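User: Hi! Could you walk me through this model, one question at a time?

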Amino acid sequence: MTRNNIVLIGMMGSGKSTIGKLLASGLGFEFIDTDSIIEEREGKIIPEIFARSGEEYFRQVETSVLKEVLEKEKCVISCGGGVVETLKNIDFLQSAEKVFYLDADSRVLYDRIPIDGSRPKVSTYKNFEKLYEARRPKYLGCSKYTIHADRNPIEVVQEIMRQL
Ligand code: S3P
C-alpha cells in the first residue's frame with residue numbers, strides 16, 4: 001500500500017491531532033482524524049456512541065473508517081488511541097508505509113487528557129497505566145518509527161519530517 005500517507009498512532013494525550021494538523025499543513029497534505037469521521041457518520045459524539053451502541057460497535061466503525069482512509073493519498077491520518085485493540089487494524093497498519101508511534105511516559109499522557117467525559121476509556125491513572133502497558137507492544141508492533149512526544153509539538157513535527 002504505497003500512498004504517501006502518514007499515520008499517527010499512540011495513546012490518548014500523545015498529541016496526534018495537534019501534531020497531525022501541523023504536519024499536514026507543513027507538507028500540504030490533508031489532515032484526517034478517524035474519530036471525527038466516526039462522529040460525523042454516526043451523528044453522535046464518541047461518549048454517546050459508547051453509551052448507546054457499546055465499544056464493540058465503535059470498534060467496527062473505526063475499522064471501516066481506517067480501511068477507507070488508508071486508501072486515500074497524501075493524507076496525515078490521526079488514529080484513535082484504541083486503534084490497536086482490533087486485530088484487523090493492526091494488519092492494515094502493518095501494510096501502511098509510514099506509521100509513527102507517538103510515545104511518552106504514561107503519567108505525562110494521563111495528565112494531558114482533559115477530564116471532561118470526552119474519552120470513555122479514561123478513568124483513574126491506574127487503569128490508564130494498565131491500558132498503556134497492554135497497548136505499548138501493539139503500537140510498537142505496527143509502527144516503523146517511534147517518536148518521543150513529550151516535547152514541543154513543533155519539535156515533534158520536525159523529528160517526523162526528518163524521518164520522511
Ligand atoms: C480511545 C481513544 C480516543 C477515541 C475513543 C477511544 C481509546 O481517541 O478513539 O475515545 O480507546 O484509547 P484519542 O486517542 O484521539 O483520544
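Analyst: Happy to. Contact here means heavy atoms within 4.5 Å, and axes are lines fitted to C-alpha atoms, for helices over the stretch in contact, with angles from 0 to 180 degrees between N-to-C directions. Helices (H or I, at least four residues) and strands (E, at least two) are DSSP runs numbered from the N terminus. The model is predicted, with local features needing pLDDT of at least 70 and side-chain atom pairs pLDDT 80 or more, while totals for chains, interfaces and linings use all residues. Residues are numbered from 1 along each chain as its sequence is written, and side-chain values use heavy atoms, leaving out hydrogens and water.

User: At what angle does helix α1 run to β2?

Analyst: Helix α1 covers residues 16-27. This helix lies across β1, β2, β3 and β4, and its angle to β2 is about 160°.

User: In what order do the five strands form the open sheet?

Analyst: Two strands pair if DSSP finds at least two bridges between them. Strands β2 (30-33) and β5 (145-148) each have a single partner strand, so they stand at the edges. The pairing is parallel, and the order is β2-β3-β1-β4-β5.

User: Which residue in β4 is the bridge partner of Ile 6?

Analyst: Strand β1 (residues 6-9) pairs with β4 (residues 98-103) in the parallel sense, over four bridges. In β4, the partner of Ile 6 is Lys 98.

User: Is the pair of Tyr 101 and Tyr 139 stacked or edge-to-face?

Analyst: Rings of Phe, Tyr and Trp (its six-membered ring) pair if their centres lie within 6.5 Å; planes under 30 degrees apart count as stacked, over 60 as edge-to-face and the rest as tilted. Tyr 101 lies in strand β4 and Tyr 139 in helix α7 (residues 125-141). Their centres are 4.9 Å apart and their planes at 25°, so the pair is stacked.

User: Which residues form one aromatic cluster?

Analyst: Tyr 110 and Phe 128 make a tilted pair, 5.4 Å centre to centre with 55° between the planes. Both are buried (under 20% relative accessible area; exposed is over 50% and partly exposed in between, with a 1.4 Å probe and protein chains only). The cluster consists of Tyr 110, Tyr 125 and Phe 128.

User: Is Lys 74 buried or partly exposed?

Analyst: Lys 74 lies in the loop between α4 (55-70) and β3, and has a positive phi of about 50° although it is not a glycine. Most residues other than glycine have a negative phi. With a relative accessibility of 46%, Lys 74 counts as partly exposed.
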